[in-house]
Amino acid sequence: MKNKLLILSGILFLSIASIAQKGHELIIGAGGSISSVWIMNQNFYGEPELNYAPKVGYGGSFNMGYNFTENLSIMAELLYSKQGQKYEDKQVMEGMKYDAERDITLSYLHIPLFFKYAFGTSATKFRFLLGPQFSKLLDATQTYTRGGNTLGTEAVNLEGKTFKTDAANIKERFIDNDIAIVLDVGADIHLSDKFFISPGFRMNYGFKDINSEAYRMNDLDGEYSPSHNVTAGLFISINYKIDVEGYNQRSF
């Protein structure tokens, strides 16, 4: 799946580049993000749940776009990000009360595809990005301590496999891919005729239940709720415009 995602990203970037041979401007750039990240609906595999705590995620990207007009564009990114969820609370296990902390970190490779609408002056344009995001899970880890220690508590998943609920490597507990909708609201601020920076506020919601089927286990109330990735934060990129049409019309 990882190789397929990389091949897809290559095809998308080459497609944008080939379309631009007939158009006005090809955009290339790189960016980074810092976000508040969440896993909505926690999954504690039948153990007492904890309160949500803030967690900060970050990412870096390579992006490419094509301006059809001054207002309308398409964009694609190849984005690596760290996401997940933190929890902190008192937890009672086997009659003992602990100060419990759990910190899940999910590493993803994303390909967001955007429709872009921009408006405003030539120097500064406000813009909206909207589109789907396809994601590949690269790694999943956690630190889960009670009273500062890893207790090694065990549970049995829906396939009958015994596992340690506080194990460090938990990639098998999550599905390999996710699909999300992404909205980014910001501006393109031109530093020169060719260079511009694009700060924005970006939000994304994952549609898939990220828990793998064997770990979709009921909570202490006998119920199960699917878990979803949610992020919201700041994204900024620096971009360079290539006037492909003007370049093709030059004579050497």
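**Entry 1. Aromatic pairs**

I count two rings of Phe, Tyr or Trp as a pair if their centres lie within 6.5 Å. The model I am reading is a predicted one. By this rule I find 13 aromatic pairs.

I looked up Tyr-45 and Phe-163 as one of these pairs. Their ring centres are 5.4 Å apart and the planes stand at 85 degrees, which makes the pair edge-to-face. Tyr-45 belongs to the loop between S1 and strand S2 (51-53), and Phe-163 to strand S8 (residues 162-164), so this pair ties together parts that lie 118 residues apart in sequence. I then checked the accessibility of each partner. Tyr-45 has a relative accessible area of 5% and is buried; Phe-163, at 6%, is buried as well.

I next examined Phe-119 and Phe-128. Phe-119 is partly exposed, with a relative accessible area of 35%. Phe-128 is also partly exposed, at 37%.

I also noted one aromatic cluster, formed by Trp-38, Phe-44, Tyr-52, Tyr-87 and Tyr-144.

**Entry 2. Charges over rings**

Tyr-144, a member of the cluster, has a charged neighbour: Arg-146 lies over its face, at 4.2 Å from the ring centre. I found a second case at Phe-235, where the charged end of Arg-202 sits over the ring, 3.9 Å from its centre.

**Entry 3. Buried polar and charged side chains**

Which side chain does Lys-55 contact? I located Lys-55 in the loop between S2 and strand S3 (56-67). Its relative accessible area is 10%, so I list Lys-55 as buried. Its side chain is joined to that of Asp-103 by a polar contact of 2.7 Å.

I turned to Asn-229, which is placed in strand S11 (residues 228-242). Asn-229 is buried, with a relative accessible area of 3%. Its side chain makes a polar contact of 3.3 Å with the side chain of Asp-178.

Lys-136 is in strand S6 (residues 124-146) and counts as buried, at 8% relative accessibility. From C-alpha to C-alpha, Lys-136 and Asp-178 are 6.7 Å apart in space, while 42 residues separate them in sequence.

**Entry 4. Positive phi angles**

I returned to Tyr-45 for its backbone. Its phi is positive, about 55 degrees, although Tyr-45 is not a glycine. Glu-94, also a residue other than glycine, has a positive phi near 50 degrees.

**Entry 5. The largest pocket**

The largest pocket holds about 330 Å³ of space. I recorded 20 lining residues, with Glu-25, Asn-67, Glu-70, Lys-125 and Lys-241 nearest the centre.

Which strand gives the most to this lining? At least two residues come from each of strand S1 (25-40), strand S4 (72-93), strand S5 (96-120) and strand S9 (177-190). S5 gives the most, with 3 residues. By class, I list the lining of the largest pocket as 5 nonpolar, 9 polar and 6 charged residues.

**Entry 6. Cavities**

How many cavities of 30 Å³ or more does the structure hold? I found 4. The largest cavity has a volume of about 160 Å³. It is lined by 17 residues, and those closest to its centre are Ser-33, Ser-35, Leu-79, Asn-204 and Thr-231. The elements that supply two or more lining residues are S1, S3, S4, strand S10 (195-206) and S11. The largest share, 4 residues, comes from S4. I divided this lining by class into 4 nonpolar, 11 polar and 2 charged residues.

I then went to the second largest cavity, in which about 130 Å³ of space lies. Its lining has 20 residues, of which Met-75, Lys-116, Ser-198, Ser-237 and Asn-239 lie nearest the centre. Two or more residues are given to it by each of S3, S4, S6, S9, S10 and S11. For the second largest cavity, my division by class reads 7 nonpolar, 7 polar and 6 charged residues.

Conventions. Residues numbered from 1 in each chain as written. Predicted model: local features only at pLDDT ≥ 70, side-chain atom pairs only at ≥ 80, totals over all residues. Heavy atoms only, no water. 1 Å grid on protein atoms, 1.4 Å probe; cavity = no way out; pocket = protein on both sides within 12 Å on 5 of 7 lines; lining within 4 Å. Points joined across faces, edges and corners; volume = space filled by probe spheres on them. Nonpolar A, V, L, I, M, F, W, Y, C, P; charged D, E, K, R; others polar. Phe/Tyr/Trp six-rings, centres within 6.5 Å; stacked < 30°, edge-to-face > 60°. Buried < 20%, exposed > 50% of the residue type's maximum accessible area, 1.4 Å probe, protein only. Lys NZ or Arg CZ within 6 Å of the ring centre and 35° of its normal. Polar contact = N/O pair within 3.5 Å; in protein donor to acceptor, adjacent residues only side chain to side chain.
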